[in-house]
Amino acid sequence: MHVTPECGVVVQAVLVPQKTNPELVDRLQVGIVDQALGYRLIGATEQGLAQLDQRRRAQEVDKAARNGKAPSL
């Protein structure tokens, strides 16, 4: 799926024909996507993951500073 901030709600309907008689419909499938909201949510998720990664790296540096031995030269 491709989402952009400029797009709004997209509705898609698919008619699934019967196997024994393809001229008759067996089921109707409907899907709805709010592309602009999806775009914002993906951006927020990426930003949150980047912040978590930055925090994890900083914690690793702090832990190494507390527990590591200084090299002897």
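A: **Salt bridges and their setting**

Arg27 is joined to Asp26 by a salt bridge in which the closest N and O atoms are 3.0 Å apart, the term meaning a side-chain nitrogen of Lys or Arg within 4 Å of a carboxyl oxygen of Asp or Glu. The model is a predicted one, in which local features need pLDDT of at least 70 and side-chain atom pairs count only at pLDDT 80 or more, while totals for chains, interfaces and linings use all residues. Residues are numbered from 1 along each chain as its sequence is written, and side-chain values use heavy atoms, with hydrogens and water left out.

Arg27 counts as partly exposed because its relative accessible area is 43%, and Asp26 is likewise partly exposed, at 45%. On this scale, buried means under 20% relative accessible area, exposed means over 50%, and partly exposed lies in between (1.4 Å probe, protein chains only).

By this rule the count comes to 4 salt bridges, and a network of them links Asp53, Arg56, Arg57 and Glu60. Helices (H or I, at least four residues) and strands (E, at least two) are DSSP runs, numbered from the N terminus. Asp53 is partly exposed because its relative accessible area is 28%; Arg56, at 38%, is partly exposed, and so is Arg57, at 42%.

Helix H1 covers residues 35-67, and Gln35 is part of it. Gln35 is buried because its relative accessible area is 14%. Beyond its neighbours within four places in sequence, Gln35 is in contact with His2, Val3, Thr4, Cys7, Gly8 and Val10, contact meaning heavy atoms within 4.5 Å.

Away from the charged pairs, Val9, Val11, Leu15, Val25, Leu28, Val30 and Ile32 form a nonpolar surface patch, with about 710 Å² of accessible area together. Strand E1 (9-17) and strand E2 (25-34) are the elements that give two or more residues to this patch, and E2 gives the most, with 4 residues. Patches are made of residues with over 30% relative accessible area and no salt bridge, like charges being joined within 9 Å and nonpolar side chains (Val, Leu, Ile, Met, Phe, Trp, Tyr) within 5 Å. Accessible areas come from the Shrake-Rupley method with a 1.4 Å probe, and for residues only the protein chains shown count as cover. Leu15, which is found in strand E1, is exposed because its relative accessible area is 55%.

As for the whole chain, its pattern along the sequence is β-β-α, and buried residues make up 7% of its 73 residues. Its C-alpha atoms fill a box of roughly 85 × 30 × 15 Å along the principal axes. The chain exposes about 6,700 Å², of which carbon and sulfur atoms supply 57%.
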